[in-house]
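Thank you all for coming; I would like to take a few minutes to walk through one structure with you. Please have the sequence and the model open while I talk.

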Amino acid sequence: MKLERVLVVGGGMAGLHTVRSLREKGFPGAVTFLGEEQHAPYDRPPLSKAVLAGNGRGTVEKVEELAFAFDFADSGVECRFGERAVGWAPGVVTTGTGVELRYDRLIVATGSTPIQLGFGETLRTYEDSLRLRERITGGKRIAIVGAGWIGAEVATAARNAGTEVVIHEARERPLALVFPAAVGEAMAGWYAQAGAELKCSDPVTGPPPGADHTLVAVGARPDTRWLGEAFHRAKDGSLLVSEHLETNVPGVFAVGDVAAYRSVRYGGRHIRVEHWDNALRGPQALVPNVLEGVGAAVYDPVPYFWSEQFGRMVQYVGHHTSADRMVLRGDLAAPTWSVCWLDPHARLTAVLAVGRPRDLAQGRRLVTAGAVLDAARVADAGAALTSAVL
């Protein structure tokens, strides 16, 4: 089939960079960009950081300050912002306004939607963040359901604003599904140090008593229901894609945190990464496969994400499993430390760095190279991580 029309669904960062890359790679055909929000694509990490900061240095006051620089009109891109995809059939996507958009190649970049519990507010859009900023600067008590990344960042902003915060976490510690007990327990201490009350093993089924406002931050689900039943999905609803980011349906690709890509680096497992770096880098591999044919590029990055919470820069690179050995660099009670994971062959698989950017930078290179390390040397926090290479 001659490639004349490409439809990109999803008005976030992954969609924007896909559209941009299509034009940068010289695609001359029709490009249609469909996004549910009225705004042009904007950067979302600041929503739980700078937008919540209130008055002061680094505060974001207009959504345009977060927008990506790209001239859609000059690039000949048809933008349909404020429209949601509600249905799919081979060669056509239907919007909520009843418009049928036809395509030769479809790029799904619809991201995720926050899990809702039937009460409280969630944080996804710029407008959500503005409302939340009013809540945390109003001098009233706020409850946060979920001690994950978003919960911690919002708790940080609320405490910085002098607001009383109580966090309700259903599991026994923060990020219990992500990190070992010792790491989660260390992170739990950060809440107390900041003056936030953390209640673990405390699932809630309704608005917590005593709170003036409630934020629900218990995760997000991939926005894929509109696609129907033809697509292969992971248990969480994300689209299973190949290392070329193609779905099981020919001509349909997926990118960003809506997709679980097959990673050759990590033994052929499908990995879903819900972070900024994935949305930025995915389109770089996706577009050659769309324009030149499947197989033109492989997407198999070393995952990376970061979070700012309670005065700490937290960075993670790689991907570890329960079979990997954890090696601590430093003291978990100290202001800075890092954790490394080694697979059964002593290859470095992941690094979690708290206030140790050198460990993160060196670890990223070593994970990428599949370096084999000596565990005893890794544990020496005073030595460079690279000195542990065998």
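Predicted model: local features only at pLDDT ≥ 70, side-chain atom pairs only at ≥ 80, totals over all residues.

**Cysteines, buried loops and a cavity**

Let me begin with Cys200, which at 26% relative accessibility counts as partly exposed, a class that lies between buried, under 20% relative accessible area, and exposed, over 50%, using a 1.4 Å probe and protein chains only. Cys79 is partly exposed as well, with a relative accessible area of 30%. A disulfide is a covalent bond between the sulfur atoms of two cysteines. How many disulfides does a search of the whole structure find? The search finds zero, where a disulfide is taken as a pair of cysteine sulfur atoms within 2.5 Å.

Residues are numbered from 1 along each chain as its sequence is written, and side-chain values use heavy atoms, with hydrogens and water left out.

Now to the loops. His244 sits in the loop between strand S14 (239–241) and strand S15 (252–254), strands being DSSP runs of E of at least two residues and helices runs of H or I of at least four, numbered from the N terminus. His244 counts as buried because its relative accessibility is 15%, and, leaving out residues up to four places away in sequence, it touches Phe253, Asn289, Val294, Gly295, Ala297 and Val298, a contact meaning heavy atoms within 4.5 Å.

Backbone angles deserve a word here, since most residues other than glycine have a negative phi. Leu245, however, has a positive phi, near 70°. Phe310, again not a glycine, has a positive phi of about 50°; it lies in the loop between strand S18 (304–309) and strand S19 (312–318) and, at 10% relative accessibility, is buried.

Further along, Asp343 is found in the loop between strand S21 (337–342) and strand S22 (348–354), and with 13% relative accessibility it is buried too. Its side chain reaches the backbone nitrogen of His345 at 2.7 Å. Within strand S21 itself we find Ser338, buried at a relative accessible area of 0%. Which side chain does Ser338 join in a polar contact? The partner is Asp359, at 2.6 Å, where a polar contact is a pair of N or O atoms within 3.5 Å, one able to donate a hydrogen and the other to accept it within protein, and residues adjacent in sequence count only if both atoms are side-chain atoms. Ser338 and Leu328, ten residues apart in sequence, have C-alpha atoms 6.3 Å apart.

The whole structure holds three cavities of 30 Å³ or more, a cavity being a set of points, on a 1 Å grid over the protein atoms alone, where a 1.4 Å probe fits but cannot get out, with lining residues having an atom within 4 Å of a point. The largest cavity has a volume of about 50 Å³, volume being the space filled by probe spheres set on the points, which are joined across faces, edges and corners. Helix H5 (residues 276–291) gives the most to its lining, with three residues.

Terms used. 1 Å grid on protein atoms, 1.4 Å probe; cavity = no way out; pocket = protein on both sides within 12 Å on 5 of 7 lines; lining within 4 Å.
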